[in-house]
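Subject: The structure, and some notes on it

Hi,

Here is the structure I promised to pass on. Could you have it open while you read the notes below?

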Amino acid sequence: MTFDALTLAALRQELGALLSGGRVQRIVRVSSLALGLEVYVGARHQLLLSAEPTAPQIRLVSHKLRRGEDRPSSLSLLLAKYVEGARVVNIAQPELERVLSLGFAGEHGNVRLICELMGNLSNLVLVDGEGRILEAAKRVPRSINRYREVLPNRPYVPPPPQQKLDPRHASAAELVERLETLTGPLTRRLTQALVGVSPLLAREALYRAGELDPV
């Protein structure tokens, strides 16, 4: 599955309806970059959160998730403290971003687990109620990203906004003008011009428009 912004929007609605108010009963470190949460809301639901660069994803699975890493990480230890036993209070998504934020309320206060599904830049970031980073699956120091450090005790800074057109509001003339400034196949130009549009969605749009072999 391609987790573009529109797919995530649909997933947010589904997870919000299913998991809101549920209690996190179990946390599993599936891999160095993936976690499993067992959420009880009348029934047990297994939620997989993965920042693996080749397959970043959030999804419900039908099987009980198993531990894949014997040693706990700093992130999994903090999740055990703040999230295990806590309730899911909200699931949010910044508009047309490949980011999902899971809010929890527990004995040690409110926290958010922010899941950034952006290919090689994917990450899982635990943030406290004041917006400060507690820990992340991947630490990003200033030497790697001067705009956005992802380190404990630093303020959480969202990924920078994309300088693209909003497909919900852009006019046909604006889209044509932007496409004419780009080069390459139309599928690629659509993904470069419009925020929230993945290559899969661009191909589907062209197919439905009758462009079976766009050049």
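In what follows, buried means under 20% relative accessible area, exposed means over 50%, and partly exposed is in between, with a 1.4 Å probe and protein chains only. Helices (H or I, at least four residues) and strands (E, at least two) are DSSP runs, numbered from the N terminus.

Please keep in mind that this is a predicted model: local features need pLDDT of at least 70, side-chain atom pairs count only at pLDDT 80 or more, and totals for chains, interfaces and linings use all residues. Residues are numbered from 1 along each chain as its sequence is written, and side-chain values use heavy atoms, with hydrogens and water left out.

Let me start with helix α2, residues 74-82, where Leu75, Ser76, Leu79 and Tyr82 are buried. Looking down the axis of α2, you will find these buried residues within an arc of 135°, so they line one face of the helix. (The arc is taken from the directions from the helix axis to the C-beta atoms.) What do the buried residues of α2 pack against? Their partners are the strands β1 (23-31), β2 (34-40), β7 (109-116), β8 (123-128) and β9 (133-136), where contact means heavy atoms within 4.5 Å.

Strand β8 also holds valine 125, which counts as buried at 0% relative accessibility. Setting aside neighbours within four places in sequence, valine 125 touches Arg112, Leu113, Ile114, Glu116, Ile133, Glu135, Ala136, Val150 and Tyr156.

Next come the helix pairs. Axes are lines fitted to C-alpha atoms, for helices over the stretch in contact, and angles run from 0 to 180 degrees between N-to-C directions. Angles under 35 degrees count as roughly parallel, over 145 as roughly antiparallel, 65 to 115 as roughly perpendicular and the rest as oblique.

The axes of α3 and α4 come within 10 Å and cross at roughly 115°, and these two helices are therefore roughly perpendicular to each other. On the α3 side, Leu175, Arg178 and Leu179 meet Leu186, Arg189, Leu190 and Ala193 of α4. By class, this contact has five nonpolar, no polar and two charged residues. Here Ala, Val, Leu, Ile, Met, Phe, Trp, Tyr, Cys and Pro count as nonpolar, Asp, Glu, Lys and Arg as charged, and the others, Gly among them, as polar.

For α4 (residues 186-193) and α5 (residues 199-208), the axes come within 9 Å and cross at roughly 120°. That makes α4 oblique to α5. Leu186, Thr187, Leu190 and Thr191 of α4 make the contact with Pro199, Ala202, Arg203 and Leu206 of α5. The classes in this contact are five nonpolar, two polar and one charged.

Finally, a few loop residues to look at:

- Leucine 96 has a positive phi of about 55° although it is not a glycine. Its loop runs between β5 (87-92) and β6 (99-106), and leucine 96 is buried, with a relative accessible area of 12%.
- Asparagine 153, also not a glycine, has a positive phi near 75°. It lies in the loop between β9 and α3 (172-180) and counts as exposed at 55% relative accessibility.
- Proline 53 is in the loop between β3 (44-50) and β4 (57-61) and is partly exposed, with a relative accessible area of 31%. Leaving aside neighbours within four places in sequence, proline 53 is in contact with Leu33, Gly119 and Asn120.

Best wishes

Terms used: The arc is that of the directions from the helix axis to the C-beta atoms.
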